[in-house]
Every structure is written in C-alpha cells, then in structure tokens.
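Colleague: I am new to this structure. Please take one part and show it to me closely, then lead on from there.

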Amino acid sequence: MNDPEIIPYGCQTIEEDDIESVVEILRSTLITTGPAVEQFEDKLRNYLGVKYAVVCSSGTAALHLACLAAGIGPGDDVITSPLTFSASANCSIFVNARPRFVDIEIDTGCMNADALEEYLSERKNNGSARAVIPVHYSGLTCDIPGIYDIARENDLVVIEDSCHALGAQYRHDGTWYMVGACAHSDMSVFSFHPVKHITTGEGGAITTNDENIYKKLIKLRSHGMEKDHEHFKYPELAQDNTGNVNPWYYEIEEVGYNFRITDFQCALGMHQLQKLETFLEKRRKIASVYTEAFSDLDHLALQATFEDRNHAYHLFPVLIDYDAIGLTRGELMLLLRDKGIGSQVHYIPVHYLGYYRKKFGYSPGDYPNAERFYEKELSLPIFPKLTREQQEHIIEEIQRVFSS
C-alpha cells in the first residue's frame, strides 16, 4: 500500500469534473459498449491527427491486439528494446512469436537505430524478422524516422510503443509530427494507467492509418465477432426464410479476445484528454526545474534532450554513479523515502528476467548499454499535482546527498 506521506514517483490527477463525468455514465443505460467508447476514440484520433483509434482494456492488451492485427505468429521474430516494461516483449510471446532485442542509446534510453540496422544486416538471410516495436522511453521520442526507414528496407511492421509518450512530438525534414499519428509506423500503442499522462484507471489504445488494420483491431477486441452482414460467410444461417438478416446473428472466423473498455472509463478518458496540454505543460515545467537544479551536479547525468524532439516527460530519469557518492541505489532510495520522497527504477532489462533467460537463453552481458543504463537509473517524482514546495524539498535532499 502507498504511504500517503510519501511523494510518489507518479500519480494520477483526478478532479471533480472527471468524477462527475463517470457518475453521469454510471447513471445512464449503457455503461459498456455504448456511445462513449466511439466518442473517446474520435477525440483521441482528432488530437493525434490519425485516421483510426481503437481503445481497449490496457496498454498490454493494445500491444497484444497490434501484434494480432499485424499477422505476427509462430516462426516470426519481433524486435524491441531490452530497456522497457516486459509487456513490450511479452506481446510477441502472446502470439507465439519470438522476442528479440537490440541495444539502446546510452544517453536517451531509446532503441539505437544503428544497432537495429546491424542486427538485421547480420541476419538478412534469416527471414524471420517480422516486426519492430521501438519504445519512446520516458516520453522522449526515439529516432522513429530512422527506425522506420530501416524497417521498411527489411519489410518489417513498425509498432510504436508510445505508452510513455502521449503528447510527445518530433520533427523530421522540417515537419513536426505527433507521436501516435503513425507518420512513421503502422500502429502506435498507448496506455492510460494512472501514472501515465491521462488515465482511464486501466486502459489503452491503438492508432493506425490503415483501414484493414483498424477493422481487424475492432473485431479482435471483441471475441472476433463479425456482425456486418456483407462479410458473412454463411448467409443461409444469417437470414430468415424471407431473406432478411437475423438481428441477433454474428459469425466468428478468427478467435478474438474480450479486450473491451467500459463507457465510464472512456468518459474519464475524454475529460482527461481535455486537460492533457495542461498536464504536459506542468510536467515540462517540473522537468526544467529539475534540469536547472541538477545540471552541475557531479556524478549525476541527465537524459539527453533534443530541439527536434518535444519530450512528454512521463518519467524524469537520472543516471547516478553510486560508487562515487558512496551509496548503493537501494540505500539512496531508502534515504529519500525517510525524507518523504518516493522514487523508482525503470527498468530491469527484460533479458534479465528469469522467463527470458530460461526460455530464450538471454543472459547478463547481452545488451551492455541497457545494462549500464539500468545500473545507474533512478526515476524522480514527476506528475502534474507535484507542488513547487514538494519539488524544492526533493531537490534539496538530492543536492544534500551529492554535496556530502
């Protein structure tokens, strides 16, 4: 259980109008598979500037659906970053494909496009690589145009893991693109977990500009049910003896899942989306204050930033030389906790996890940049409700540790 006296590393911002929007739906006739789902999808795609958006039960479900819609399956390799939450790799296992990894850029935590190109070059006669899932780590966009070009040269599907990056942007050839617009991907996936930029409690979304992918996503989200009579395979079952389509009839040609999201979650999501720009502004302000305070500290490095990438700051990661400050990471986290400050580590590299070691033979030493990043990383509190007083307290305690 979270200690209310501890400043968490991340936290939702729920206000009275958000609560009222949920209550309104709870008092209505339809609380799931109702109109609020499509309304949320419309608002999301309009914000992102993409043709289609499909909302679902979680970011993990969104990754799973994206792999299914891409036709990934047994014998396929899916490449992602080792520095991510396990869901970015688990989704390939869900469809009986093999998770593969390429190393990160040590200064960003994002997938290294050169490492991807090298990996594919070494295996160009293998033919098993099917998709790449680059992760926009902490809200900083990876080199998605570069990764997209490499992927297209190798006939790979590109699924952006944008769960950290709602509201992030990047510039390419003089044009700014929103993460989720799928200008350099086939699909983009988001999470609406409470610590993310907006929340639906649990929830997720997939965006795409491909109509065929969109139709697959809609069907797979709800058991694989086909209700459009124009696509029925067995019209003799669909129609009564007068030729009219039976109103209850549906078909299932491909097994799907119950990855639906409720209307009251979508009502919350719509209200949260209205506040996203304000939330982003607050996150960026907090990040700028941290950056100014910590930029001259010895033994602490900040994540690289770029003029052509507009960071969404889901996380504020710092890299610390723990040997130099005379504390282990665990000791520092406990020291901060004693001062009322929560922190977290993002992430244990996926190839360290026991399942991946036993099932696929991964081991420490396979991805040195991800491992070095993990050994030094600490995520400091960043969320819209963090007060200036709380942030000053965090800064003071961090500076005290480094000065002593």
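**A helix contact, and onward**

Modeller: Start with T60, L63, H64 and C67 in α3, which meet A87, S88, C91, S92 and F94 in α4. This is a predicted model. Sort the contact of α3 with α4 by class: five residues are nonpolar, four are polar and none is charged.

Now the geometry. Helix α3 covers residues 59-69, and helix α4 covers residues 87-94. Their axes lie 9 Å apart, at an angle of about 45°. An angle under 35 degrees would count as roughly parallel, and 65 to 115 as roughly perpendicular. The angle here therefore makes α3 oblique to α4. The two helices cross in the right-handed sense.

Helix α10 (residues 276-294) and helix α15 (residues 388-403) have axes that come within 11 Å. They cross at roughly 25°. That is why α10 and α15 count as roughly parallel to each other. The crossing of α10 past α15 is right-handed. On the α10 side, the contact uses I286, V289, Y290, A293 and F294. On the α15 side, it uses R388, Q391, I394, I395, I398 and Q399. By class, this contact of α10 with α15 holds eight nonpolar residues, two polar and one charged.

Take F316 as an example: its bridge partner in β15 is L380.

β6 spans residues 169-172 and is joined to β7 by four bridges, with the two strands antiparallel. Within that pairing, Y170 has Y177 of β7 as its bridge partner.

Then the aromatic rings. The model has 19 aromatic pairs. In one of them, F101 and Y367, the ring centres are 5.8 Å apart and the planes stand at 70°, so the pair is edge-to-face. Planes must be over 60 degrees apart to count that way. The partners come from distant parts of the chain, 266 residues apart. F101 sits in strand β3 (residues 98-101), while Y367 sits in the loop between α13 (354-360) and α14 (368-376).

The peptide bond from H346 to Y347 is cis, with omega near 5°. Y347 lies in the loop between α12 (329-338) and α13. T33 is not a glycine, yet its phi is positive, near 50°. Look for T33 in the loop between α1 (16-26) and α2 (35-48).

Conventions: Residues numbered from 1 in each chain as written. Predicted model: local features only at pLDDT ≥ 70, side-chain atom pairs only at ≥ 80, totals over all residues. Heavy atoms only, no water. Axes fitted to C-alpha atoms, helices over the stretch in contact; angles between N-to-C directions. Parallel < 35°, antiparallel > 145°, perpendicular 65-115°, else oblique. Left-handed = near helix turned anticlockwise from the far one by under 90°. Contact = heavy atoms within 4.5 Å. Nonpolar A, V, L, I, M, F, W, Y, C, P; charged D, E, K, R; others polar. Pairing = 2+ DSSP bridges. Phe/Tyr/Trp six-rings, centres within 6.5 Å; stacked < 30°, edge-to-face > 60°.
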